[in-house]
Amino acid sequence: MALRSFSTPAAVGTAVRPLHPKTTASLSLLATRTDSCDERKNLTGRLCTSANLCSWRSSANYVRTLEGTTGFLSKSMATNYIVVNRASIFRCATIEEIEAEKYLIEKDARERMEKTIEAVRSNFNAVRTGRANPAMLDGIEVEYYGSPVTLKSIAQITTPDASSLLVQPFDKSSLKVIEKAIVSSDLGLTPNNDGEAIRLGIPQLTSERRKEFLKLVAKQAEEGKVAIRNIRRDAIKAYEKLEKEKKLSEDNVKDLSSDLQKVTDEYMKKLDSLLKQKEKELQTV
């Protein structure tokens with residue numbers, strides 16, 4: 001079966017929709033370069049034949065047909081070439097299109113993974129060690145004029161020394177609700193309200209308490225890893241959806257999934273680093 005210029009509809013045996021002039025020109029050029037399947041074999045190095053199909057096969061560029069069948073086009077060929085047989089039109093998914101899809105999906109995955117890291121860091125900060133740290137109070141919310149707000153948004157928190165915290169509210173009328181919120185938290189701290197500010201003494205951790213906190217942070221880190229794996233799974237599903245829509249090939253999905261695994265490993269290492277740092281703080285007497 002010989003390839004013909006798409007500018008002559010009779011060549012394919014059926015009426016076809018007109019194509020863009022640039023596409024027609026490309027087809028004309030392709031038709032002049034080869035006029036038989038044997039010659040196309042010499043051009044591409046690989047040949048696939050059937051009753052109505054003679055196409056190039058390569059994992060480099062995925063091809064979609066209007067009939068719903070699939071094929072591949074050699075990466076060395078121009079990406080806007082279209083191969084025509086009796087009733088099929090093949091359009092190549094360009095490298096630019098693949099990169100665009102990868103950028104959007106990977107960008108979303110990175111943003112979600114970054115938020116997971118921040119959530120784990122916030123949870124770690126709420127676990128007190130033997131030293132005073134303003135971040136210990138990050139998770140405390142105060143009922144301020146009927147609305148829940150974070151403590152650090154309505155007060156200044158400082159560390160006068162290594163074993164105490166000083167909470168100075170911007171509005172002194174909020175001292176009582178701040179004190180109540182601290183007592184209700186699971187930090188196990190006793191606030192000292194002098195009418196101007198609240199002082200918090202940070203007691204040294206017992207060995208049993210340290211073990212409990214070590215288990216707690218390990219659990220929080222594992223929850224973060226599960227969240228990152230789920231984000232990776234969602235991104236792979238997005239790639240597979242594009243494959244079903246004939247926008248990506250199976251090889252494209254494999255390559256993109258491999259790149260996504262590298263991103264996942266990167267954020268897993270960040271979590272491990274955070275965990276080691278927190279464990280070191282908890283084990284320091």
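A crossing of two helices counts as left-handed if the near helix is turned anticlockwise from the far one by less than a right angle, and as right-handed if clockwise. By that rule, α3 and α6 cross in the right-handed sense. The model here is predicted, so local features need pLDDT of at least 70 and side-chain atom pairs count only at pLDDT 80 or more, while totals for chains, interfaces and linings use all residues. Numbering starts from 1 along each chain as its sequence is written, and side-chain values use heavy atoms, with hydrogens and water left out.

Back to that helix pair. Helix α3 covers residues 95-126 and helix α6 residues 250-283, and they pack at an angle of about 15 degrees with their axes 11 Å apart. (Axes are lines fitted to C-alpha atoms, for helices over the stretch in contact, and angles run from 0 to 180 degrees between N-to-C directions; helices are DSSP runs of H or I with at least four residues, strands are E runs of at least two, numbered from the N terminus.) The two are therefore roughly parallel, a label for angles under 35 degrees. Residues of the contact split into 13 nonpolar, three polar and nine charged.

There's also a salt bridge, meaning a side-chain nitrogen of Lys or Arg within 4 Å of a carboxyl oxygen of Asp or Glu. D259 and K102 meet in one at 3.0 Å, N to O. Since D259 sits in α6 and K102 in α3, the pair ties together parts that are 157 residues apart in sequence. The whole structure has 17 salt bridges.

UniProt, in an unreviewed entry, puts a "coiled-coil region" at residues 232-266; such annotations may be inferred rather than shown by experiment. In the model that span is 86% helix and 0% strand, and its end C-alpha atoms lie 12 Å apart.

Now the strands, which pair if DSSP finds at least two bridges between them. An open, antiparallel sheet runs in the order β8-β9-β11-β10. β8 (155-161) and β10 (191-193) are at the edges with a single partner strand each, so one side of each has no neighbour in the sheet. Neighbouring strands are turned by 25 degrees against each other on average, direction ignored.

Two pairings from the model:

| Strands | Residues | Sense | Bridges |
|---|---|---|---|
| β9 and β11 | 164-169 and 198-201 | antiparallel | four bridges |
| β6 and β7 | 141-144 and 147-150 | antiparallel | four bridges |

V167 has I198 in β11 as its bridge partner, and V142 stands opposite V149 in β7. The β6 and β7 hairpin has two residues between the strands, and Y145 takes a positive phi near 55 degrees there.

How values were computed:
Angles under 35 degrees count as roughly parallel, over 145 as roughly antiparallel, 65 to 115 as roughly perpendicular and the rest as oblique. Ala, Val, Leu, Ile, Met, Phe, Trp, Tyr, Cys and Pro count as nonpolar, Asp, Glu, Lys and Arg as charged, and the others, Gly among them, as polar.
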